[in-house]
Amino acid sequence: MLTHTTTRVLEPGDLGAALAVLDSEPVANAFVTARVQAAGLDPWRLGGEMWGWYSEGRLRSLCYSGANLVPVCATPEAVRAFADRARRTGRRCSSIVGPAEPTSELWRLLEPGWGPARDVRPHQPLMVTERPSADVEPDPLVRRVRKDEMDLIMPACVAMFTEEVGVSPMAGDGGLLYQARVAELVSSGRSFARVEDGKVVFKAEIGAATSKACQIQGVWVAPAYRGRGLSETGMAAVLQYALADVAPVVSLYVNDYNTPARAAYRKVGFREVGAFMSVLF
């Protein structure tokens, strides 16, 4: 019996306890929950370790340590413990991302050894909705991307990623991991686009998805088509698909400085309920 606070790498037998923690905040935890539900807690299948912080024998906080470092339901004491473990293992992630308050404290503790970061986005509003847009008509030309359309969707995905993150996803391994992720979303029916003259002019994906919540990501409009309202009507269409086929709550998070996007999402019906933070290396 664990009688004091402690941190350890979780094992497959800890799955039930980990899912109970994740289920306490289904919207904020959608990304990690989806991974754990799909892969369990085996590090090889999960793509990283899941650290657990215990207090008085009970699992109370988590931290996913893989390509991203993600604190989950992390108390201040848990954040300190996760930072200690992260310092010992060294930086293996390309980003730290999660709810703004614990992520900010985690970065404060890690920055002396892990910094400087390439970019820090301290306030990314988390937005949610539970109903189709009442004010924006869904774009009828937005549809699911077919499995034979990878060559069509990839250039738009690469353009979106490069514009959003500041580096190309094709660097390093030649884009193999990124292409695999795009293919996974396409094959699962969670990639959407409007295509005109053989080119994608709007696209978005439903990334993390659980039975309780899902997260829209990768929203992009081709530069020549911006300012025409495609982001609003396109988002209304993707939202309609998400609510009908995936989960009863749809979320996204957006950079606070992206004023046009925040306004578009509000017009579609999303409301701000919290904030995320991202540290990019």
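**Ground rules.** I number residues from 1 along each chain as its sequence is written, and I leave out hydrogens and water, since side-chain values use heavy atoms. For this predicted model, local features need pLDDT of at least 70 and side-chain atom pairs count only at pLDDT 80 or more, while totals for chains, interfaces and linings use all residues. I take helices (H or I, at least four residues) and strands (E, at least two) as DSSP runs, numbered from the N terminus.

**Entry 1, α1 and α2.** I looked up how helix α1 (residues 15-23) lies against helix α2 (residues 30-39), and found that their axes come within 10 Å and cross at roughly 155°. That makes α1 roughly antiparallel to α2. Here the axes are lines fitted to C-alpha atoms, for helices over the stretch in contact, and angles run from 0 to 180 degrees between N-to-C directions; under 35 degrees counts as roughly parallel, over 145 as roughly antiparallel, 65 to 115 as roughly perpendicular and the rest as oblique. I then listed the contacts (heavy atoms within 4.5 Å): Leu 15, Leu 19 and Leu 22 of α1 meet Val 32, Thr 33, Val 36 and Gln 37 of α2. By class, this contact has five nonpolar, two polar and no charged residues, where Ala, Val, Leu, Ile, Met, Phe, Trp, Tyr, Cys and Pro count as nonpolar, Asp, Glu, Lys and Arg as charged, and the others, Gly among them, as polar.

I turned to α4 (76-89) and α5 (100-114), whose axes come within 9 Å and cross at roughly 30°. That makes α4 roughly parallel to α5. In α4, Val 79, Arg 80, Phe 82, Ala 83, Ala 86 and Arg 87 meet Pro 102, Glu 105, Leu 106, Leu 109, Leu 110 and Trp 114 in α5. I noted nine nonpolar, no polar and three charged residues in the contact of α4 with α5.

Which residues of helix α9 (residues 259-268) are buried? I found Ala 261, Arg 262, Ala 264, Tyr 265 and Val 268, with buried meaning under 20% relative accessible area, exposed over 50% and partly exposed in between (1.4 Å probe, protein chains only). Seen down the axis of α9, the buried residues fall within an arc of 160°, so they line one face of the helix; the arc is that of the directions from the helix axis to the C-beta atoms. They pack against β6 (119-129), β10 (214-221), α8 (230-245), β11 (250-253) and β12 (271-280), whereas Thr 259 and Pro 260 are exposed on the other side of α9. Just after α9, I noted that Gly 269 takes a positive phi of about 125°.

I checked the loop between α5 and β6, where Pro 116 lies, and found that the peptide bond from Gly 115 to Pro 116 is cis, with omega near -5°. Glu 56, in the loop between β2 (49-55) and β3 (58-65), has a positive phi near 55° without being a glycine, and it counts as exposed at 57% relative accessibility. Cys 73, in the loop between β4 (68-72) and α4, likewise is not a glycine and has a positive phi of about 50°, but at 18% relative accessibility Cys 73 counts as buried.
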